[in-house]
Amino acid sequence: MAGERILLVEDNAQNRRLAQFLLTSRGYVVYEATTGEEALELARIHRPDLILMDIQLPGLDGFAATRILKGDAATTAIPVIALTAYAMQGDQERALEAGCDGYITKPLDTRGFPAAVRQYLAAAGGKEARPSHGERSEDPGRG
Ligand code: MN
């Protein structure tokens, strides 16, 4: 599963550090952006396998950044997964309307988060599309 490249867009340093740690410890290559503008730039340069997009960002927010990415032929095929606050449930619907391919709710669950990322990568036909043997489906979290 190692080696897929993930663009992590998150302006909150604590959330970013946690996500970066959980992803790199599983062998993913992580690029970090803290604004929507930076996300667009890094997406075009690196063409990552997956983008994790915080919604509340300074300046260009996650909805606007996703619309631009999905409207650009160079980046439209990259799956964008919104990182939405649990308390802001309307954001999930709006994220899908903006073109996001899914969402993960914050606060990040240390086991559920990497599991969800792996599933989204597999769904996108990534390098790990083949099912691995002896794997249990695990509920990422209660509720
Ligand atoms: Mn934020």
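Figure 1. A residue is called buried when its relative accessible area is under 20%. In this predicted model, D54 has a relative accessible area of 4% and is therefore buried. The manganese ion is coordinated at 2.1 Å by D11 (OD), D54 (OD) and Q56 (O). Along the chain, the donors of the manganese ion are spaced as D-x42-D-x1-Q.

Figure 2. Strand β4 spans residues 80–85 and includes T84. The relative accessibility of T84 is 0%, so this residue counts as buried. Apart from neighbours within four places in sequence, T84 has contacts with I55, D91, Q92, Y103, I104, T105 and K106.

**Figure 3. Pairing of strands β4 and β5.** Five bridges join β4 and β5, which pair in the parallel sense. The chain passes from β4 to β5 by way of helix α4 (residues 90–97), forming a right-handed β-α-β crossover. Opposite L83 stands I104 of β5.

**Figure 4. Confidence along the chain.** The protein has an average pLDDT of 89, and 87% of the residues score at least 70. Residues 127–139 have a pLDDT below 50, and this stretch makes nine contacts in the model beyond near neighbours in sequence. Where pLDDT is low, the predicted coordinates should not be read in detail.

Notes. Residues numbered from 1 in each chain as written. Predicted model: local features only at pLDDT ≥ 70, side-chain atom pairs only at ≥ 80, totals over all residues. Heavy atoms only, no water. Donors = N, O, S within 2.8 Å, 3.2 Å for Na, K, Ca; no water. Buried < 20%, exposed > 50% of the residue type's maximum accessible area, 1.4 Å probe, protein only. pLDDT = per-residue confidence, 0-100. Contact = heavy atoms within 4.5 Å. Helix = DSSP H or I, 4+ residues; strand = E, 2+ residues; numbered from the N terminus. Pairing = 2+ DSSP bridges. Right-handed = clockwise from strand over helix to strand, strands pointing away.
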